[in-house]
Amino acid sequence: MKKKPKPKLKGWYVKKLDKVFSEYIRQKYADSFGMVSCFTCDARKHWKDMQNGHFISRGHMNTRWDEDNCRVQDSACNVFRSGNYTEYSYRLLKEIGEEGMDRLMAKKKEIKQWSIAELKEKIEYYAQNT
């Protein structure tokens, strides 16, 4: 008798979406050779050697996969400089403006419980666009 596969838990879909969304963000800003600059220090590397940095931390589920909230960062800025927050804020403000920043800050305060169906939809969208 064959065992039925266990249904995947919500956490599995969150991790999967993190992966495809990160690849999407890093490729979105890469040139035709796959090279991309760190948003906060301008270090230039291949997109596979970079990370997806967040202005508002990933703990806020409503902004976790918001494209305005995410930019490419190298590990030095994203991990060792804790996101290089001051420079990130300055550059993001110049890029998306006060209105965009206000929208992100308001969205951060909203509690969002993602359903598995919503996560699957976003996974499909970002997987198709990488």
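This report describes three loop residues, R64, S82 and N84, in a predicted model.

In the predicted model, R64 sits in the loop that runs between β3 (51–54) and β4 (70–73). Although R64 is a loop residue, R64 counts as buried because its relative accessibility is 10%, and the cut-off for that class is under 20%.

Leaving aside residues up to four places away in sequence, R64 touches V14, D18, F21, H54, R58 and C70.

## S82 and N84 between α2 and α3

The loop between α2 (75–80) and α3 (85–109) holds S82, and N84 lies in the loop between α2 and α3 as well. For S82, phi is near 50°, which is a positive value in a residue other than glycine; for N84, phi is likewise near 50°, again positive and again in a residue other than glycine.

Are these residues buried or exposed? S82 has a relative accessibility of 61% and therefore counts as exposed, the cut-off for that class being over 50%. N84, with a relative accessible area of 19%, is buried, because buried means under 20%.

Conventions. Residues numbered from 1 in each chain as written. Predicted model: local features only at pLDDT ≥ 70, side-chain atom pairs only at ≥ 80, totals over all residues. Heavy atoms only, no water. Helix = DSSP H or I, 4+ residues; strand = E, 2+ residues; numbered from the N terminus. Buried < 20%, exposed > 50% of the residue type's maximum accessible area, 1.4 Å probe, protein only. Contact = heavy atoms within 4.5 Å.
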